[in-house]
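Subject: Structure for your review

Dear colleague,

Please find the structure below, followed by an account of what was found in it.

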Amino acid sequence: MLTTEMTSHYDNLEKMTVLQLLQSINNEDLAVPKAVSRCLPQLEPLVTAIVKRMKKGGRLFYIGAGTSGRLGVLDASECPPTFGVPEDWVIGLIAGGDGAIRKAVEFAEDDANQAILDLEEYVLGKEDTIIGVAASGTTPYVIGGVKAARNKGLLTGCITCNEGTPLAAAVEYPVEVVVGPEFLTGSTRMKAGTAQKLVLNMLSTSVMVQLGRVKGNKMVDMKLSNSKLIARGAGIVMKELDIDPQAAQQLINKTQSVRAAIEAGRGSRL
C-alpha cells in the first residue's frame with residue numbers, strides 16, 4: 001500500500017477542538033523537514049545533471065497533476081522574477097492545462113499520452129530536463145510524460161512521496177521524500193505537498209546559484225517589477241558598494257538592474 005494512502009495516525013477529527021486540530025496538524029508537519037533531509041543524496045546528482053544541461057542551453061520542465069502540478073507551476077513562475085531568467089527557462093505544466101491551476105479538471109491526470117503532447121508544444125531540445133512531480137508516484141499523465149521524454153533522450157527526474165513507484169522506475173533520477181500518512185487520510189496537499197514545495201525550492205534555487213544568478217546571498221538579477229523590489233535592489237547596491245541610499249537609488253534608476261548597478265558603481269571608481 002502506498003504510504004500516502006495509509007490511514008492517519010489520528011481519528012475522530014470532527015470531535016477535536018480547534019486547538020487540538022491545529023496542534024495535531026503541526027505535529028505531523030514536523031516530520032516533513034526530516035523526510036526532506038533524507039532525500040538529499042538523491043537530489044544532489046539531479047541538480048548537478050540539470051545544471052550541466054542548462055549551461056548548454058537546456059530548459060527545465062515540471063509536469064504534474066493536481067496539487068503537485070500546481071506546485072511545479074508555482075516554482076517555475078517564480079524563477080523569472082527572482083533570478084531574472086527568461087520565462088522559457090523553467091516551465092511548469094499541469095494536467096488539464098492552465099485552467100486546472102484554479103479548478104480541478106476531471107480525469108485529466110489519467111491520460112498517459114497528453115503530457116508529451118503538452119511538452120512538444122515547446123519544441124523539446126536534447127539538453128532539456130523533465131521533472132515529474134507526483135506525490136503518489138502513480139499518476140498516468142506524469143509517468144507517460146517522463147517515459148516519452150526519456151525515450152527521446154532527455155534527462156528525466158521525479159519528486160514523489162512514496163518509495164518504489166512506477167514513476168521512480170521510469171526516470172533516471174528519482175527523488176523519494178516519504179513523509180508518512182497524512183493527518184487527513186490521503187490528502188496529499190498537506191505533508192506531501194509541503195515536502196514537494198521544499199524540494200522544488202531547493203532544486204530551483206541550487207540550480208540558479210550554480211548558473212551564476214546569485215551574488216553572495218543576494219538576488220542581483222531579480223526583476224525590479226514593483227516599488228518593494230526596487231527598494232530592495234537599492235538596498236543591495238547600497239550595502240555592496242558602501243554608498244548612501246540616494247546614490248544607490250540613482251544607480252538603480254539608471255541601470256534598471258541590481259547587477260548592472262553594482263558593476264557601474266565599481267567601474268566609476270576605477
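Is Cys39 buried or exposed? Cys39 is buried, at a relative accessible area of 0%, where buried means under 20% relative accessible area, exposed over 50%, and partly exposed in between (1.4 Å probe, protein chains only).

Before the remaining findings, two notes on the basis of the values are needed. This is a predicted model, in which local features need pLDDT of at least 70 and side-chain atom pairs count only at pLDDT 80 or more, while totals for chains, interfaces and linings use all residues. Residues are numbered from 1 along each chain as its sequence is written, and side-chain values use heavy atoms, with hydrogens and water left out.

**Cysteines**

A disulfide is a covalent bond between the sulfur atoms of two cysteines. With a disulfide taken as a pair of cysteine sulfur atoms within 2.5 Å, the structure holds 0 disulfides. For Cys39, the nearest cysteine sulfur belongs to Cys161 and is 9.1 Å away. Cys158 is in no disulfide either; the nearest cysteine sulfur, again that of Cys161, is 10 Å away. Cys158 is also buried, at 0% relative accessibility.

**Helix H4**

Helices (H or I, at least four residues) and strands (E, at least two) are DSSP runs, numbered from the N terminus. Helix H4 covers residues 66–83, which makes 18 residues. From first C-alpha to last it reaches 26 Å, close to the 26 Å expected at 1.5 Å a residue; the expected span is 1.5 Å times one less than the number of residues. Among the buried residues of H4 are Leu71, Val73 and Phe83. Their cover includes strand S1 (60–64), strand S2 (90–94), strand S3 (129–133) and helix H8 (191–210). After H4 comes Gly84, with a positive phi near 70 degrees.

**Salt bridges**

A salt bridge is a side-chain nitrogen of Lys or Arg within 4 Å of a carboxyl oxygen of Asp or Glu. How many salt bridges does a search of the whole structure find? The search finds 6. One of them joins Glu28 and Lys191, at 2.7 Å from N to O. Glu28 lies in helix H1 and Lys191 in helix H8, 163 residues apart, and the pair links distant parts of the chain. Glu28 is buried at 8% relative accessible area, and Lys191 is buried at 2%.

Another salt bridge joins Glu240 and Arg266 (2.8 Å, N to O). Glu240 is partly exposed at 31% relative accessibility, as is Arg266 at 36%.

Yours sincerely

Notes
Contact means heavy atoms within 4.5 Å.
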